[in-house]
Amino acid sequence: MDYDQNLYLTFLEKMYLIRRFEQKVYEFAERGLVFGSTHLEVGEEATAVGTLLNIKRSDYMIATHRGHGQELLKGTDVNAMMAEMIGKATGICGGRVGSMHVTDASVNNLGAQGIIGASFPISVGVGLALNLLGQKDKILISFFGDGATNQGNFYESLNMADIWKVPVFFVCVNNLYGMGTAYCSTCNIEIYKKATFFNIKSDYCDGNDVAAVYNKSKEIIDYVRTKRLPALLELKTYRTIGHSAFDKHPYRTKEEIEDWKKKDPIKRTEDILLKNGTPKEKIDKLKKRIDTTVDDAAAFAAQSPYPVYDDSLEQ
Amino acid sequence: MREITYSEALREAIRSAMAKDDKVIMIGEEIGQGYAGVFGVSKGLYDEFGPKRIIDTPIAENSIMGAAIGASLLGFKPIVEVMFADFIAVCFDGILNQAAKVRFMSNGQYSLNLVVRLPGGEGSGTGPHHSQCLESLFMAIPGLKIANPSNPYDAKGLMSSAIYANDPVLFFEHKKLYKTKGDVPQEDYAIPFGKAGIARAGKDITIVAHSYMVSVALAAADELYEKHNIDAEVIDPKTLVPLDMQTIAESVKKTSRLAVVEETYLRAGVGSEIGSIVSERYMDWLDCPIKKIASRNVPIPMPASLVGEVIPDKKRVVKEIREMF
Ligand SMILES: Cc1ncc(C[n+]2csc(CCOP(=O)(O)OP(=O)(O)O)c2C)c(N)n1
Ligand SMILES: [Mg+2]
């Protein structure tokens, strides 16, 4: 692919938005305003950006418990996202559920999972419904982590996805760990290979190289969209922060973390822009704009009221 | 006496059983290496007993439960940690159709020593997938026992019994209790299943509460006594199956009033069961209708402004009990 400055500026803008958003959520968490736990995507921004820039608003999405970037990129309003993080009534789900469970029907985000593995069969069902409805213009992008692929329903769902020929793009954000457990200590098979057992098109790439993720996704999404078949992409990446906001992650070495920080997807993209002649001022201006967007969202969230209970919630 | 936390008390019971009996093993996610127990219960046990006794697993609750059943059939006494009680849904067949039915279906040729540890309850904003109290759901299944300690002393004693219960035990713990402290003897002891405790003696009303709600009921009882001249008796069943109806009945006979306070959902809850037994057998003793004070029929929300309305707290317990007088 030829170098395209505008595309790289978009990569930077979107990844930087996620980074700043996550930093703000962390600040809220430190102040005790995020009620339960929150799982941040710091270091993994390229996985959401590279894939979702190829996805249409009309396509469906299922996100993970570590899904703020996925949800923002699918198109959810930043203010409504931020308000949900701290349980405010103006949040995208009325502040009821918070960080882990963002759903936004207006952009066909079907929801994020707190139950690891539950998304696989649901994804097959969405694909089935698209087939039955004859909606040949839409697909589902379904995110999950490395740890989730050890759940039994992963295999059941791959099999059904294959025999039912569902238009589902399975995207594994492989950050090498599920909580404090290294993937390699839980399974001897690489994730992308698991799908090949079911004759599903499957591939992997460097999840910290946003252009690589973008190009690979573009090709696979074309395949899913036109052939109406499932496919899987494994993105190798790393969360440079803890599993949840207050996890001090002692189960990883400092060296490992520092090594991965050197592969930071945002820094990498900035370096490419600078090397290809984009003026630093332009980059700074772009960042400033995002800073303002996120600060405004935080102010909006902070000023919003908490939801009020009423009996109609009873079921 | 020595004070330790609820989670230390659980660990002491497990550790002592493991030291004496090499058939006692633990199976679960993040229990040995990694987090070494998300709520710290298994802390240090991996270093002491090693990977053959403290068995870390992939994220695969259905197979964790099945594997524990299999090992139990061959004489092991597995203690499964389900990281959050909500995830028991992922191993439901193992519980409902397998573990619960082994003794009956084999005509007693096999029975299981199997403890399933379930950290339940709302934990200050843990939301709909990580907060539920599900005890009442499982009370309906023949073949299971259900323990629900409300304090460190009971946690240790009930765990010691659970490991040798000779039936699968769902051991419901509570997130808000792990760090609470209480007197716990150093030596081993077992608390029998099916024997309720009287957490507070009183004469005007019987309040049955279990797990974390015992402390809520006790706080409410203090306020009722100090401000409203109502002297409540608080009964802690300690195990919901088997359920000590005799202690509850004796109390109701004395007080003529019954309220059941629980964090479980209101519909078909613990209160529904206890209430129906009391009204069936002891209707004549009652001066007023039985009161069920439970989590409203709503998935557990995240923000405090909603949680406070859904899950019973001291204020609601006091208010609802005052309405009975
Ligand atoms: C059924 C179930 N089991 C366990 C958990 C607890 N849990 C939450 S996140 C997580 C790790 C998931 O790892 P992975 O799929 O790799 O996603 P990551 O957190 O690394 O993004 C675990 C075990 C859960 N939420 N649901
Ligand atoms: Mg992971």
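**Around ligand 1 and beyond**

Let's start at ligand 1, which has 21 residues around it, the closest being A:H65, A:R66, A:G114, A:Y177 and B:E61 (a residue is near a molecule if one of its heavy atoms lies within 4 Å of it). Keep in mind that this is a predicted model, where local features need pLDDT of at least 70, side-chain atom pairs count only at pLDDT 80 or more, and totals for chains, interfaces and linings use all residues. Residues are numbered from 1 along each chain as its sequence is written, chains are lettered from A and ligands numbered from 1 in the order in which they are written, and side-chain values use heavy atoms, with hydrogens and water left out.

Ligand 1 sits between chains A and B. Its shell divides into eight nonpolar, nine polar and four charged residues (Ala, Val, Leu, Ile, Met, Phe, Trp, Tyr, Cys and Pro count as nonpolar, Asp, Glu, Lys and Arg as charged, and the others, Gly among them, as polar). Now for the polar contacts (pairs of N or O atoms within 3.5 Å). A:D146 has a polar side-chain atom 2.9 Å from an oxygen atom of ligand 1, and A:N175 also places a polar side-chain atom 2.9 Å from an oxygen atom of the ligand. From A:A148 it is a polar backbone atom, 3.1 Å from a ligand oxygen. Taken alone, ligand 1 exposes 580 Å², and the protein buries 97% of that (areas by the Shrake-Rupley method with a 1.4 Å probe).

Next, the magnesium ion, ligand 2. Its protein donors are A:D146 (OD), A:N175 (OD1) and A:Y177 (O), lying 2.0 to 2.1 Å from it (donors are N, O and S atoms within 2.8 Å of the metal, or 3.2 Å for Na, K and Ca; water is not among the atoms, so sites may look incomplete). A:D146 lies in the loop between strand 3 (140-145) and helix 6 of chain A, and A:N175 in the loop between strand 4 (168-174) and strand 5 (177-178) of that chain, so the pair ties together parts that are 29 residues apart in sequence (helices, H or I with at least four residues, and strands, E with at least two, are DSSP runs numbered from the N terminus).

Two backbone details are worth a look. A cis peptide bond, with omega about -5°, joins B:V241 and B:P242, and B:P242 is found in the loop between strand 12 (239-241) and helix 9 (245-255) of chain B. In chain A, A:N108 has a positive phi, near 60°, in a residue other than glycine; A:N108 belongs to the loop between helix 4 (78-85) and strand 2 (109-112).

Key. Polar contact = N/O pair within 3.5 Å; in protein donor to acceptor, adjacent residues only side chain to side chain.
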